[in-house]
Amino acid sequence: MNANIDEFIAGLPKAELHLHLEGSLEPEQMFEFARRNDIDIPYTSIAEVKAAYQFSKLQDFLDIYYMGMNVLQTEQDFFDLTAAYLRKVAAENTRHVEVFFDPQGHTERGISFKTAITGIHNALTQVGGELGVSFKLIMCFLRHLDEASAIKTLNQAKPFKHLLTGVGLDSSELGNPPEKFEIVFKMAKDQGYKLVAHAGEEGPVEYVYDTLDLLNVDRIDHGNRCMDDAILVARIAKQKIALTVCPLSNLKLQVVTDMTKHPIKAMLESGIIATINSDDPAYFGGYMNDNYRSVAHPLNLSIAELTLLAKNSFIGSFLPQAAIDKHVAAIDDYAASFKF
Ligand code: HPA
Ligand code: ZN
């Protein structure tokens, strides 16, 4: 039965809604880009890189994540990074991706907004097109920087607006509450962007309320801590605010202590549109199917629950309704024809 569950997950059509492209930088690629761009990295072997990926909290990871992205220098680097990610997820039956990038992580070190977005978008169009993976692109503001820097980034994005679907908010949550970005989120909404934000990963339940009330987001990234508040749970379910949950990230960053305590099942039982995603797969030990498997077994998720998670990944996406309906029907067909 367990092997069958893994097979079921592997073939399940799914969408990924929470993926930082810079977090898909595998150690092998880090060395390759460092070599071709003549950039120093503080590691001498892949084993040494992997050994450094031990985190007790979000900030431990972010320090290494920002160091890692220094190797991304040219449009080709951004193209290759994105292409490698798409090939991996396409092989896992991921049919649609809504991916993040961190423009300020690049512009702050002298790489232009244009270099990053052009490389990423060309790969999404060309390689995604070849693989049959559709996409939406979302730029995130770094919350450890000030709002003026986020506004500057929103302005830099203007010539590329047609390539972008949304804006998001990531990086160090604690001490950088949603209210810090109220103005820039309002500006982005007025410009027609969809809005998402990381909330309730490490931050308290109040940050989730403020993300809804002050930032007016369409979707919440992570959202684990909302489970501490029954009123908030009911509201998120009623307003159909999807949560993009990342099980292996939660384990690696010690947001959960072990997977038998992961809230994804309780989220589904509360009627929340919960989804499964990989966040930063090169750092947290797995892509989409690994993330599904990581909770399926410890939580004894049923076929119906796994099917619902896959449907939610399209229902919570920014695809038009007709495309969502088509993907949901494909999931029903797949589940109906799967032989256990
Ligand atoms: N949380 C906050 N910021 C991030 C993350 C995350 O999980 N991944 C990349 N930037
Ligand atoms: Zn994230």
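Reply: Four donors count as tetrahedral if all angles lie between 85 and 135 degrees; four count as square planar and six as octahedral if opposite donors are over 155 degrees apart and all others between 65 and 115, and anything else is irregular. Donors are N, O and S atoms within 2.8 Å of the metal (3.2 Å for Na, K and Ca), and as water is not among the atoms, sites may look incomplete. This is a predicted model, in which local features need pLDDT of at least 70, side-chain atom pairs count only at pLDDT 80 or more, and totals for chains, interfaces and linings use all residues. Residues are numbered from 1 along each chain as its sequence is written, chains are lettered from A and ligands numbered from 1 in the order in which they are written, and side-chain values use heavy atoms, with hydrogens and water left out.

Me: Which arrangement do the four donor atoms around the zinc ion (ligand 2) make?

Reply: The protein donors are NE2 of H18, H20 and H198 and OD of D279, at 2.1 to 2.2 Å from the zinc ion. Ideal angles are 109.5 degrees for four tetrahedral donors. The angles at the zinc ion run from 82 to 173°, so the arrangement is irregular.

Me: How many residues apart in sequence are the parts that H198 and D279 tie together?

Reply: Along the chain the zinc donors follow the spacing H-x1-H-x177-H-x80-D. H198 belongs to strand β5 (residues 194-199) and D279 to the loop between β8 (274-276) and α14 (281-284), so the pair ties together parts whose separation in sequence is 81 residues. Helices (H or I, at least four residues) and strands (E, at least two) are DSSP runs, numbered from the N terminus.

Me: What percentage of the area of ligand 1 does the protein bury?

Reply: The residues around ligand 1 (a heavy atom within 4 Å) include L58, F61, D170 and S171. Polar contacts are pairs of N or O atoms within 3.5 Å; within protein, one must be able to donate a hydrogen and the other to accept it, and residues adjacent in sequence count only if both atoms are side-chain atoms. A nitrogen atom of ligand 1 is 2.8 Å from a side-chain N or O atom of E201, while a polar side-chain atom of H222 is 3.2 Å from an oxygen atom of ligand 1. Taken alone, ligand 1 exposes 260 Å² (Shrake-Rupley method, 1.4 Å probe; for residues, only the protein chains shown count as cover), and the share buried by the protein is 100%.

Me: Is H222 buried or exposed?

Reply: H222 lies in strand β6 (residues 219-222) and has a positive phi near 75°. Most residues other than glycine have a negative phi. Buried means under 20% relative accessible area, exposed over 50%, partly exposed in between (1.4 Å probe, protein chains only). At 0% relative accessibility, H222 is therefore buried.

Me: What kind of pair do the rings of F8 and Y334 form?

Reply: Rings of Phe, Tyr and Trp (its six-membered ring) pair if their centres lie within 6.5 Å; planes under 30 degrees apart count as stacked, over 60 as edge-to-face and the rest as tilted. The whole structure holds 17 aromatic pairs. For F8 and Y334 the centres are 5.3 Å apart and the planes are at 35°, so the pair is tilted.

Me: Is Q254 buried or exposed?

Reply: Q254 sits in the loop between α12 (247-252) and α13 (264-269), with a positive phi of about 60°. Its relative accessibility is 52%, so Q254 counts as exposed.
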